[in-house]
Amino acid sequence: MILTWVTPFGLMEELIADQDGAFFSDYKFRGEPFATFARALGASNRGAPMVVHALNAGLSATQRCLVRAALLAHLAPRSRVHTVSVDHILADAGITTPQAHVTPVAMSRLFLPSLLPCVAKVIWFDLDLIVLRPLAPLWRVSPSEPCGIAARPSINAAGVSYVAHAVKGPAEYVKRTRKRYERTPGFNDGVMVVDLDAIRAHPDFERTVRESALEFGNNDQTVLNIFCDGAFSSLDPNWNVLYSSPWAALNVNQSDWRILHFVGSAKPWLPGMKWPIKQARVLWDQYRLTLEGALAAFERGAVRDSVT
């Protein structure tokens with residue numbers, strides 16, 4: 001699985017399960033979101049060892065050790081954690097400033113085929129979510145080609161596709177893209193099963209990233225939706241329950257939630273969070289943890305595996 005933290009130091013990690021699967025995630029590292037994510041992940045996947053490849057941006061050696069220890073405190077025995085820097089990828093791409101709540105390191109998901117050249121398939125998670133059920137069924141999802149991505153369908157409250165709503169660039173490009181994608185199905189890229197081999201084999205992927213992201217400044221979700229052009233595989237919405245008021249009608253039965261995703265700028269670890277769905281707060285409070293708490297669990301000997 002890949003986890004990504006950004007401020008004050010960016011981080012992306014990949015956790016590979018026994019099935020050689022990789023899981024990705026991303027969001028601001030402020031201790032609580034990361035530690036809460038790790039706690040929920042471990043609690044919902046007991047007995048499933050994972051190998052973590054941490055793709056980090058701007059982490060010191062000490063910080064990398066803290067992240068490894070905090071993760072190992074909650075992962076199953078025999079889990080391991082490694083780190084890989086994405087600083088050079090972001091620098092070469094000129095990605096240095098955030099777009100709203102989309103951080104530079106979040107854009108690293110566009111470079112997964114080259115960042116992980118020996119990995120065939122991954123599951124990507126944003127970090128602003130909590131995993132509530134075992135992930136083995138999600139790993140068994142096989143994204144269809146040529147897109148190679150399985151994700152939850154996503155339109156905005158007005159029924160307009162994400163790309164038509166969010167695309168930017170030269171006027172003619174925006175006009176053409178909005179017309180093409182006005183009613184084209186799109187997806188939320190906070191939880192994705194990704195066939196990296198299929199993406200590597202696609203002749204248009206690198207061109208789409210170069211044009212849409214690097215030249216025109218579109219965020220990762222816009223770029224991936226343009227690349228897939230509506231041909232993605234649809235995930236059961238239980239695997240990505242979108243928690244924010246405009247999406248309330250799309251949320252599924254609470255007893256069936258598998259991953260609860262706090263989309264948008266309002267986050268449960270920030271002031272002013274609203275809880276129109278009471279069960280969401282109950283779940284967040286159940287797993288809520290600070291980085292200090294995660295490290296304390298490690299120091300108590302909760303995990304005895306070596307940190308590599």
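**Entry 1: the cavity**

I looked up the largest cavity and found a volume of about 60 Å³. My model is a predicted one, where local features need pLDDT of at least 70, side-chain atom pairs count only at pLDDT 80 or more, and totals for chains, interfaces and linings use all residues. I number residues from 1 along each chain as its sequence is written, and side-chain values use heavy atoms, with hydrogens and water left out.

For my own reference, I wrote down the rules. On a 1 Å grid over the protein atoms alone, a cavity is a set of points where a 1.4 Å probe fits but cannot get out; a pocket is an open set with protein on both sides within 12 Å along at least five of seven lines; lining residues have an atom within 4 Å of a point. Points are joined across faces, edges and corners, and a volume is the space filled by probe spheres set on them. By this rule I count 1 cavity of 30 Å³ or more.

Which residues line the largest cavity? I listed Arg 109, Leu 110, Leu 112, Pro 113, Ile 149, Met 192, Val 194, Leu 196, Ile 199, Phe 205 and Leu 224. By class this lining has 10 nonpolar residues, no polar ones and 1 charged. (Nonpolar covers Ala, Val, Leu, Ile, Met, Phe, Trp, Tyr, Cys and Pro; charged covers Asp, Glu, Lys and Arg; the others, Gly among them, are polar.) Helix 4, strand 9 (187-195) and helix 8 each supply at least two of the lining residues. Helices (H or I, at least four residues) and strands (E, at least two) are DSSP runs, numbered from the N terminus.

**Entry 2: the second largest pocket**

Next I turned to the second largest pocket, with a volume of about 320 Å³. It has 18 lining residues, and those closest to its centre are Arg 180, Tyr 181, Arg 207, Thr 208 and Ile 226. Helix 7 (171-181), helix 9 (205-215) and helix 10 (220-228) are the elements that give two or more residues to the lining. Helix 7 gives the most, with 5 residues. I sorted the lining of this pocket into 8 nonpolar, 4 polar and 6 charged residues.

In helix 7, the buried residues (under 20% relative accessible area; exposed is over 50%, partly exposed in between, with a 1.4 Å probe and protein chains only) are Tyr 173, Val 174, Thr 177 and Tyr 181. They sit on the same side of helix 7 because they cover an arc of only 95° around the axis. The arc is that of the directions from the helix axis to the C-beta atoms. The face turned away from that buried side carries the exposed residues Ala 171, Glu 172, Lys 175 and Lys 179. Helix 6 (162-166), helix 9 and helix 10 are among what covers the buried residues of helix 7; contact here means heavy atoms within 4.5 Å.

In helix 9, I found Phe 205, Thr 208, Val 209, Ser 212 and Ala 213 buried. Their arc around the axis is only 100°, so they lie on the same side of helix 9. Glu 206 and Glu 215 are exposed on the other side of helix 9. The cover over the buried residues of helix 9 includes helix 4 (112-115), helix 7, helix 8 (196-201) and helix 10. After helix 9 comes Gly 217, with a positive phi near 80°.

Most residues other than glycine have a negative phi, and most peptide bonds are trans. What kind of peptide bond joins Glu 145 and Pro 146? I found a cis bond, with omega about 10°. Pro 146 lies in the loop between helix 5 (136-139) and strand 8 (149-153).

Asp 229 has a positive phi, near 55°, in a residue other than glycine. I placed Asp 229 in the loop between helix 10 and strand 10. Asp 229 counts as partly exposed, at 29% relative accessibility.

**Entry 3: Ser 233**

Last stop: Ser 233, in strand 10 (residues 233-234). Buried or exposed, I asked of Ser 233? Ser 233 is buried, with a relative accessible area of 15%. Not counting residues up to four places away in sequence, Ser 233 touches Ser 142, Pro 143, Ser 144, Ile 149, Ala 150 and Ala 151.
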